[in-house]
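Work through the following exercises with the sequence and the coordinates open beside you.

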Amino acid sequence: MRLLDYLIFLLFLAFIVGSIFWSSGGKDGVLRAEIEASGELYLLPLAQDGELALEGPVGETHVEISDGTARITHSDCRDKICIAMGSIQEPSQWIACLPNRVFVRIVAESPTGDEVDAGVF
Amino acid sequence: MPVSSDHKDRLEIVSFLGALCLFLSAVEYLIPKPLPFFRLGLANLPLLLGLRFLRPTDLLLVLLLKVLGQGLVNGTLASYVFLFSLAGSAASLATMSAVYRLGKTKVSLVGVSLSGALASSVVQVSLAVTFVFGPTARLIAPLSLGSGLATGLVIGLFAVRFVKVSRWLEALEVRYRGL
């Protein structure tokens with residue numbers, strides 16, 4: 001082992017450390033609540049508080065977004081399971097109200113806008 | 001067209017090294033990989049050793065034979081993986097040559113091998129991010145670089161030892177230099 005060997009080794013380590021930061025930074029991108037109800041699709045950014053009233057087969061379902069989480073606050077369905085499911089905030093978490101045909105899930109949008117999709121593979 | 005015997009000898013040495021790459025690719029194929037992109041890079045050994053005495057054109061020929069051999073053995077010859085392999089190997093060889101020639105006595109084959117592994121990893125991850133898989137592909141960067149560091153080190157240390165003890169390589173070098 002000679003002088004440059006050590007330098008190249010250190011440079012390599014620096015690249016590895018750098019790549020760890022590079023790969024973990026901004027991974028999640030912008031989080032949104034994707035809400036499906038009666039064939040309509042709504043996209044609400046989690047960063048923005050708000051409430052949405054949706055019409056379904058058994059009545060109204062209210063989705064509320066506050067403090068970066070989404071939850072169902074009111075539903076005219078029988079069992080209220082959707083309300084019991086509580087708040088969601090991580091990508092791929094979901095809430096569903098089957099009787100009223102409402103489906104809420106969190107999706108992450110990468111900052112650049114291109115995501116891996118089936119066509120890529 | 002008449003071919004001089006010197007030329008024939010050169011061709012023989014180059015094709016032998018290329019065949020060695022093919023053989024080492026096959027050996028590597030037998031070794032189970034913990035991760036799909038974790039490669040030992042055994043097939044880089046002939047290039048690393050050839051760097052010491054081969055002329056640039058002959059080195060380039062060995063590189064092409066190596067990439068073709070790997071493509072054949074791994075069954076990736078007709079896929080985009082082959083382009084990755086080609087780009088990574090070319091970047092690796094260019095960097096190794098530069099480091100070897102500029103470093104002179106300050107660098108051993110360990111440093112040369114490491115620099116090649118680094119270049120190959122960086123180029124392949126960049127290609128994956130920009131052309132094939134998009135930003136998600138940067139998740140593999142630390143893994144690709146980490147495994148590159150480990151295998152680059154192992155191959156480099158082996159090469160240093162091999163150069164020291166191999167009579168066969170010494171004889172090959174003497175024969176090539178006499179051409």
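Predicted model: local features only at pLDDT ≥ 70, side-chain atom pairs only at ≥ 80, totals over all residues.

Residues are numbered from 1 along each chain as its sequence is written, and chains are lettered from A and ligands numbered from 1 in the order in which they are written.

**Exercise 1. Determine the strand order of the open sheet in chain A and identify its edges.**

Begin with the elements themselves: helices (H or I, at least four residues) and strands (E, at least two) are DSSP runs, numbered from the N terminus, and two strands pair if DSSP finds at least two bridges between them. With these criteria, four strands of chain A form an open sheet in the order 2-1-7-6, with antiparallel pairing. Strand 2 (40-45) and strand 6 (94-97) of chain A each have a single partner strand, so they stand at the edges and one side of each is left without a neighbour in the sheet. The twist from one strand to the next averages 20°. Inside this order, strand 1 (residues 30-37) and strand 7 (residues 102-109) of chain A pair in the antiparallel sense over eight bridges, and A:E34 stands opposite A:R105 in strand 7 of chain A.

**Exercise 2. Describe how strands 3, 4 and 5 of chain A are joined by pairing.**

Take strand 3 (residues 50-56) of chain A, which pairs with strand 4 (residues 59-66) of chain A in the antiparallel sense over seven bridges; the two form a hairpin with two residues between them, and A:E55 stands opposite A:E60 in strand 4 of chain A. Continue to strand 5 (residues 69-75) of chain A, with which strand 4 of chain A pairs, again in the antiparallel sense, over six bridges. Here A:H62 stands opposite A:H74 in strand 5 of chain A, and the hairpin formed by strands 4 and 5 of chain A has two residues between the strands, with A:D67 in the turn showing a positive phi of about 50°.

**Exercise 3. Classify the packing of helix 3 of chain B against helix 1 and against helix 4 of chain B.**

Chain B has seven helices and zero strands. Axes are lines fitted to C-alpha atoms, for helices over the stretch in contact, and angles run from 0 to 180 degrees between N-to-C directions; angles under 35 degrees count as roughly parallel, over 145 as roughly antiparallel, 65 to 115 as roughly perpendicular and the rest as oblique. The axes of helix 1 (residues 5-30) and helix 3 (residues 56-74) of chain B come within 8 Å and cross at roughly 30°, and these two helices of chain B are therefore roughly parallel to each other. For helix 3 and helix 4 (residues 80-103) of chain B, the axes come within 10 Å and cross at roughly 150°, so helix 3 and helix 4 of chain B are roughly antiparallel to each other.

**Exercise 4. State how many residues each chain gives to the contact, and which classes occur on the side of chain A.**

Two residues are in contact if their C-beta atoms, placed from the backbone, lie within 7 Å. The contact takes 20 residues from chain A and 20 residues from chain B. The side of chain A that touches chain B has 12 nonpolar, four polar and four charged residues, where Ala, Val, Leu, Ile, Met, Phe, Trp, Tyr, Cys and Pro count as nonpolar, Asp, Glu, Lys and Arg as charged, and the others, Gly among them, as polar.
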